[in-house]
Amino acid sequence: MEYRVEHDSMGTVNVPADRYWGAQTERSRQNFPIGVGLETMPREVIHAFGILKRGAATANRALRPERMTEEKCRAITQAAAEVAEGKLDDHFPLVVWQTGSGTQSNMNANEVIANRGNQLAGRLLLHPNDDVNMSQSSNDAFPTAMHIAAVLALEDRLLPAVEGLIATFRRLEAENEGVVKCGRTHLQDRDPHPLLPGDLRLVQQPGARRRNAARRVGPAARAGPGGHGRGNGAERSRGL
């Protein structure tokens with residue numbers, strides 16, 4: 001395998017030449033060889049980071065155009081879109097075991113988007129921290145990615161699945177109306193009676209669960225990724 005040399009505050013580190021991640025991702029990969037291949041960071045969270053970084057670049061373009069130039073914003077949003085679409089999944093090797101606040105996964109996203117963005121731009125344009133992570137803190141970026149992943153899971157998977165379950169129960173009610181069945185009480189048979197509309201009360205239960213889940217989409221969608229990891233919101237006044 002061929003390697004390239006990356007640099008950070010700790011010195012140099014060898015990174016696989018065909019991967020977009022950088023020094024901080026590689027150090028985490030080496031320091032936490034736990035659950036490799038089994039407990040990789042969920043792809044849903046990785047894709048959510050793509051959505052987050054694309055939105056952050058767009059916001060910073062509006063708030064700090066002197067720092068987030070049009071060229072930088074375009075490179076970040078294009079690379080982040082590829083992350084969100086799952087096209088760069090192979091460049092996110094980290095497991096769920098890492099230091100607090102999800103810093104390594106946040107930096108994994110920053111490094112991948114910066115290196116892919118530089119490739120798209122055809123020159124060294126983006127810095128993982130100064131540009132892709134502008135005005136953000138891992139303390140907020142990672143929870144925000146979790147919120148985005150949760151909302152997408154609710155809207156794209158859970159709610160449609162519950163709708164399908166409700167439709168199945170309604171179909172079974174219609175197909176079996178009038179069928180005589182035994183009632184059940186305390187795990188014992190009772191007197192027989194015909195199946196009537198509404199007897200499959202599981203139709204009502206998923207409906208209630210669906211309404212409860214739908215009500216949680218709005219609160220889950222509200223998240224602030226601005227850099228206030230120290231608790232004072234210092235970075236937010238300069239960006240997000």
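**Ground rules.** I am working from a predicted model, where local features need pLDDT of at least 70, side-chain atom pairs count only at pLDDT 80 or more, and totals for chains, interfaces and linings use all residues. Numbering starts from 1 along each chain as its sequence is written, and side-chain values use heavy atoms, with hydrogens and water left out.

**Glu82.** I found Glu82 in helix α3, residues 70-84 (helices are DSSP runs of H or I, at least four residues, numbered from the N terminus). Glu82 is buried, because its relative accessibility is 14% (buried is under 20% relative accessible area, exposed over 50%, partly exposed in between, with a 1.4 Å probe and protein chains only). Skipping neighbours within four places in sequence, I listed its contacts as Lys87, Leu88, Arg116 and Leu120 (contact means heavy atoms within 4.5 Å).

**Salt bridges.** I searched the whole structure and got 11 (a side-chain nitrogen of Lys or Arg within 4 Å of a carboxyl oxygen of Asp or Glu).

- Asp18 pairs with Arg19, with the closest N and O atoms 3.5 Å apart. Asp18 is exposed at 51%, while Arg19 is partly exposed at 25%.
- Arg74 is partly exposed at 40%; Glu70 is exposed at 51%.
- Glu175 meets Arg171 at 3.1 Å, N to O. Both are in helix α6 (residues 138-175), 4 residues or about one turn apart. I noted Glu175 as exposed at 52% and Arg171 as partly exposed at 43%.

Terms used:
Helix = DSSP H or I, 4+ residues; strand = E, 2+ residues; numbered from the N terminus.
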